Amino acid sequence: MGKQIPLSVTFNLPDGTPVVIETGKLATQAHGSVVVKIGKTMLFASAVSSYTAREGQSFFPLSVDYQEKFAAAGRIPGNFFRREARLTDSEILISRLVDRPIRPLFPKGYLFDTQIIINLISGELETLPDAYAALAASAALTVSDIPFEGPISEVRVARIDGEFVINPKKSELEKADLDIILAATKENIMMVEGEADECSERDLIEAIKIGHEAIKVQCDAQLELAKLVGDKAIKREYEIAEEDEVLITELKGLSVDKFLEVAKGALDKKSRKKKFEAAIEGITEAMLEKHGEEFMEERGGEIKEYLGKIKKETIREMVLSEQVRLDGRKYDEVRPIWTEIDYLPSTHGSAIFNRGETQALTSLTLGTKLDELMQDNALNTYHENFILHYNFPALSVGETKPMRGPGRREVGHANLAGRSLKKVLPEDSVHTIRLVSDILESNGSSSMATVCAGSLALMDAGIQIKSHVSGVAMGLISDGERNAVLTDILGDEDALGDMDFKVTGTEEGICACQMDIKIDGLSYELLEEALMQAKEGRIHILNEMKKSIETPREDLKPHAPRIVEIKIDKSFIGAVIGPGGKVIQEIQKETGAVINIEEVGEHGIVNIASSNKDSIDSALSRIKAIAYTPVVGDVFDAKVVKVQAYGVFADFLPGKSGLLHISEISHSKINRVEDHLKEGDMVKVKLIGIDPKSGKYRLSRKALMPRPERNGKRN
């Protein structure tokens with residue numbers, strides 16, 4: 001075959017930047033593939049879906065993987081194998097940004113293995129690829145024959161110098177006080193995730209509105225490309241088992257009252273689960289008695305699926321019509337909260353946050369620059385001095401499961417909690433801070449419990465955060481006419497709701513948010529109502545947290561590492577380190593302090609860390625002695641190291657020597673220097689001059705001696 005002739009469409013971002021979507025050139029055997037180009041940045045996306053479902057498949061097996069090729073930035077991976085390996089946390093987070101808005105747009109009952117792969121194949125530092133990954137994935141699906149109720153797209157909306165900007169450059173984003181990623185179809189918002197410097201709810205809604213307008217243009221471009229592709233973009237036919245309405249009606253007659261009885265019982269999670277299981281078991285036995293074993297063997301899985309749907313519908317109707325929640329709370333009521341700090345005596349900070357049946361135990365550890373986390377991505381390598389890890393063991397829900405390390409959900413929850421707490425950290429923090437949140441009980445909203453426990457642990461450790469941060473998970477149940485906005489949702493409410501969104505913040509405003517919207521036509525008025533109700537819940541939780549600690553401790557724990565940071569002229573860095581690291585190693589060995597030096601501009605930044613104040617003071621004085629810049633008028637105890645006919649050379653600081661001229665040794669005339677000073681003598685001298693060109697030092701002894709008197713007068 002000859003070279004493929006690609007098809008392409010172009011649209012412009014609001015600032016005029018052209019974006020090209022191209023198909024038909026790469027990966028033509030995939031069911032759909034595109035390349036998205038923004039200047040030198042190129043993302044390749046492919047979509048493939050099986051034509052047959054696996055036997056017994058009961059859920060939609062969709063996988064979304066975003067990966068950055070190091071060659072895209074002209075780099076070779078820095079790992080041992082020198083090749084791209086498992087996805088990094090940032091790649092996992094971008095994969096989730098694509099997965100979450102796309103997954104709900106596949107038809108219900110579509111159970112065919114589907115895989116979406118997005119690769120950054122060319123990149124430049126100023127173009128942030130995360131804002132284009134979902135556009136590439138959606139375009140690949142739109143030009144394919146895979147059933148997909150899109151298109152969608154995503155944009156970054158940032159507020160910079162008071163103005164909202166769509167997909168800003170990386171350097172521009174550094175000045176933003178609001179930064180969200182928004183996903184939507186032409187008609188509906190699907191997902192929002194981002195952070196802000198304590199913005200208002202109305203500011204967030206305004207950003208969403210502006211982002212949605214930009215997304216509509218990108219959706220139109222994908223539809224235009226699909227028209228160019230023609231028949232290949234016509235969606236395939238597929239078989240979905242039709243629901244047996246007769247069987248569903250029979251099951252409703254047996255189950256609705258039993259489900260309602262349990263749902264209205266205001267039970268705890270474990271009791272509610274057992275009673276629902278008992279109800280389903282009783283219904284199954286009744287069906288067995290009526291229809292026989294052969295029927296149940298053939299249709300048992302179908303019956304189980306129908307009962308799950310009936311239970312969900314029954315609970316939703318109860319919440320909407322009777323305004324009753326599963327645990328008996330009102331719509332805007334937060335579960336009971338208790339907190340405790342300083343629970344772990346050996347850590348540098350710790351806290352327990354317990355809300356209802358969700359519990360987070362969080363520990364804080366302080367370290368030095370040597371403990372920073374290195375992030376090695378294709379486009380840049382950098383170090384993080386604030387680390388938050390989230391662990392969700394199976395024991396938290398009373399189950400057993402092999403411990404295989406964090407999954408994508410854990411990475412996502414850690415990111416949301418971490419970006420929330422970063423907003424209140426002191427700008428002059430010199431420590432590396434690691435927070436670890438272990439979820440020991442879970443019944444919904446464990447990521448928000450992590451935010452609250454993390455805030456408490458930071459204050460317990462004496463980190464001077466500017467205020468507490470709390471978080472609340474909200475839900476929505478709607479039938480189009482009736483709406484129930486639920487504060488602090490349970491795990492069961494999350495599963496049966498139409499919107500799940502988490503909001504974190506201080507009393508002043510929002511620090512981070514994460515929304516997943518599952519219904520069409522959500523109005524901005526309802527969204528604002530939900531956000532304002534979330535604010536009330538967030539402030540209630542803040543007040544509960546203050547009962548344990550309201551402001552940070554004045555000082556670190558006695559056993560926590562203390563760090564003193566000083567600036568030295570960068571010309572002294574070599575002297576402090578010494579040949580082969582000899583000097584700095586000797587200081588660390590003799591003082592017990594850990595010393596780190598980093599060159600920043602014209603200065604060397606020296607961090608001295610130890611849990612012992614005397615250790616820090618000793619190391620600090622030695623470094624100051626090496627890196628001290630002498631000033632004319634300073635007085636020193638100097639050691640004579642060389643005698644000449646015209647004077648002596650004396651060392652007055654480590655690595656610093658000056659000339660004590662014969663005329664500056666004494667007020668009296670001296671004929672022979674060696675009659676007054678010899679090598680090894682200690683002499684007190686004053687710095688009287690520094691040559692501006694050579695930097696040589698001139699010393700004087702006589703400037704410190706009283707002038708002799710003649711005829712009763714001082715000369």
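A nonpolar core is a set of buried Ala, Val, Leu, Ile, Met, Phe, Trp, Tyr and Cys residues joined through side-chain atoms within 4.5 Å. In the structure described here, which is a predicted model, the largest such core has 107 residues, and those with the most contacts inside it are Leu204, Leu251, Phe353, Leu458, Ile463 and Phe501. When its neighbours within four places in sequence are left aside, Leu251 is in contact with Ile283, Met287, Ile303, Tyr306, Leu307 and Ile310.

Ala140 belongs to helix α2, which comprises residues 133–142. Ala140 has a relative accessible area of 0%, and because buried means under 20% relative accessible area, this residue counts as buried. Not counting residues up to four places away in sequence, Ala140 touches Gly32, Ser33, Val34, Ala45, Ser46 and Ala47. Ile76, by comparison, is 64 residues from Ala140 in sequence, and the two C-alpha atoms are 28 Å apart in space.

In general, an α-helix has 3.6 residues a turn, so residues three or four places apart point the same way. Just after α13, Gly592 adopts a positive phi of about 80°.

For the protein chain as a whole, 14 helices and 31 strands are found. Its radius of gyration is 34 Å, well over the 27 Å that the globule rule gives for 715 residues, so the chain is more spread out than a compact globule. The C-alpha trace spans about 130 × 70 × 45 Å along its principal axes. Of the 715 residues, 50% count as buried, and the chain exposes about 35000 Å², of which carbon and sulfur atoms supply 50%. Among contacts between residues at least 6 apart in sequence, 68% join residues at least 24 apart.

Definitions and conventions
Residues numbered from 1 in each chain as written. Heavy atoms only, no water. Buried < 20%, exposed > 50% of the residue type's maximum accessible area, 1.4 Å probe, protein only. Contact = heavy atoms within 4.5 Å. Helix = DSSP H or I, 4+ residues; strand = E, 2+ residues; numbered from the N terminus. Rg over C-alpha atoms; globule rule 2.2 N^0.38 Å. Areas by Shrake-Rupley, 256 points an atom, 1.4 Å probe, with all protein chains shown as cover.
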